[in-house]
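Welcome! Open your viewer, load the model, and let's walk through it one selection at a time.

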Amino acid sequence: MDNSNSDYSRFLSILSLCKKAGKLAFGFDTVKSEIIKGSTDRAFASKELSPKTLKELAFVCKQYGAELIVVPVSVNEIWFSVSKPTGVLAVRDEGLSLLLKGSVPEIKEDIAQ
């Protein structure tokens with residue numbers, strides 16, 4: 001891991017909090033289902049997703065008006081944080097989802113706009 005890991009420790013901590021609160025959805029099929037049901041309007045994806053999976057997730061998000069956020073954290077970092085080896089996540093709580101989004105350094109400016 002490089003020194004950017006510290007930039008994402010807040011993201012991983014909030015991810016863990018979402019899991020403890022029972023508001024975290026894991027895996028492509030589950031996240032897709034949550035987006036279709038309208039339980040979430042934001043999906044988070046690991047930088048390690050295959051191009052095919054990322055393309056499919058982007059298509060689902062676009063089709064249902066959900067935002068896709070690719071986070072430069074590994075599947076292993078997510079696994080360590082939430083005890084699930086997954087690269088696709090969603091939060092079923094708008095406040096927690098926005099908090100998680102705000103913890104990603106590259107997109108903080110987008111939130112303010």
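Here is a short tour with a few stops.

**Before we start.** This is a predicted model, where local features need pLDDT of at least 70, side-chain atom pairs count only at pLDDT 80 or more, and totals for chains, interfaces and linings use all residues. Residues are numbered from 1 along each chain as its sequence is written, and side-chain values use heavy atoms, with hydrogens and water left out.

**Stop 1: the largest core.** Select Phe-11, Leu-15, Leu-24, Phe-44 and Val-71, the residues with the most contacts inside the largest nonpolar core, which has 19 residues. A nonpolar core here is a set of buried Ala, Val, Leu, Ile, Met, Phe, Trp, Tyr and Cys residues joined through side-chain atoms within 4.5 Å. Buried means under 20% relative accessible area, exposed over 50%, and partly exposed in between (1.4 Å probe, protein chains only). Which elements give two or more residues to this core? They are helix H1 (9-20), S1, S3, H4, S4 and helix H5 (94-102); helices (H or I, at least four residues) and strands (E, at least two) are DSSP runs, numbered from the N terminus. H1 provides the largest share, 5 residues.

Now select Val-71 and show its surroundings: leaving out residues up to four places away in sequence, Val-71 touches Tyr-8, Phe-11, Phe-44, Ala-45, Ser-46, Lys-47 and Val-104. Contact means heavy atoms within 4.5 Å. A second, separate core of 13 residues includes Ala-45, Val-60, Val-88 and Ala-90.

**Stop 2: helix H2.** Select residues 28-37, and colour the buried ones: Phe-28, Val-31, Glu-34 and Ile-35. They lie on the same side of H2, because they cover an arc of only 130° around the axis, taken from the directions from the helix axis to the C-beta atoms. These buried residues pack against strand S1 (24-26), strand S2 (42-46), helix H3 (51-64) and S4. Turn to the face away from the buried side to find the exposed residues Asp-29 and Lys-37. After H2 comes Gly-38, with a positive phi near 85°.

**Stop 3: two serines.** Is Ser-74 buried or exposed? Ser-74 is buried, at a relative accessible area of 12%. Look for Ser-74 in the loop between strand S3 (67-71) and H4. Next, select Ser-83, in the loop between helix H4 (75-82) and strand S4 (88-91). Ser-83 is exposed, at 53% relative accessible area, and its phi is positive, near 60°. Most residues other than glycine have a negative phi.
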